[in-house]
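Have a look at the model first.

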Amino acid sequence: MKKYHRSSLLLIIIVSITIIISTYWLDLEIGYGIILLFIAVGYTIFLNIKAARNEQQKDKQLR
């Protein structure tokens, strides 16, 4: 697994665990902080995908 895909997967796991713990174990409501966390993780995953595509294009140009 490439480093960009692995980091995106880890971000999804971290967010999922955070939401599960905060809503079910700590009995907190989903508020602006969780929504902001979703947006930040989504943007980070977008940047990871963009970096992976750039890396693929550079590899094709070197060949």
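Glu29 is exposed, with a relative accessible area of 77%; exposed means over 50%, buried under 20% and partly exposed in between, using a 1.4 Å probe and protein chains only. You will find Glu29 in the loop between H1 and H2. Its C-alpha atom is separated by 15 Å from that of Val15, 14 residues apart along the chain. Before going further, please keep in mind that this is a predicted model, in which local features need pLDDT of at least 70, side-chain atom pairs count only at pLDDT 80 or more, and totals for chains, interfaces and linings use all residues. Residues are numbered from 1 along each chain as its sequence is written, and side-chain values use heavy atoms, with hydrogens and water left out.

Now for the fold around that loop. The protein has two helices and zero strands; these are DSSP runs numbered from the N terminus, with helices being H or I of at least four residues and strands E of at least two. Along the principal axes, the C-alpha atoms fill a box of roughly 55 × 20 × 5 Å. The radius of gyration is 16 Å, whereas a compact globule of 63 residues would have one near 11 Å; the value is taken over C-alpha atoms, and the globule rule is 2.2 Å times the number of residues to the power 0.38.

What is buried here? Of the 63 residues, 17% count as buried. The largest nonpolar core has five residues: Val15, Ile19, Ile34, Val41 and Ile45. Helix H1 (3-25) and H2 each supply at least two residues of this core, and H2 gives the most, with three. Such a core is a set of buried Ala, Val, Leu, Ile, Met, Phe, Trp, Tyr and Cys residues joined through side-chain atoms within 4.5 Å. Leaving aside residues up to four places away in sequence, Ile34 touches Ile19 and Ser22, where contact means heavy atoms within 4.5 Å.

Further along, Ala51 sits in helix H2 (residues 32-62). Ala51 counts as partly exposed because its relative accessibility is 25%. The C-alpha atoms of Ala51 and Leu26 are separated by 36 Å, with the two residues 25 apart along the chain.
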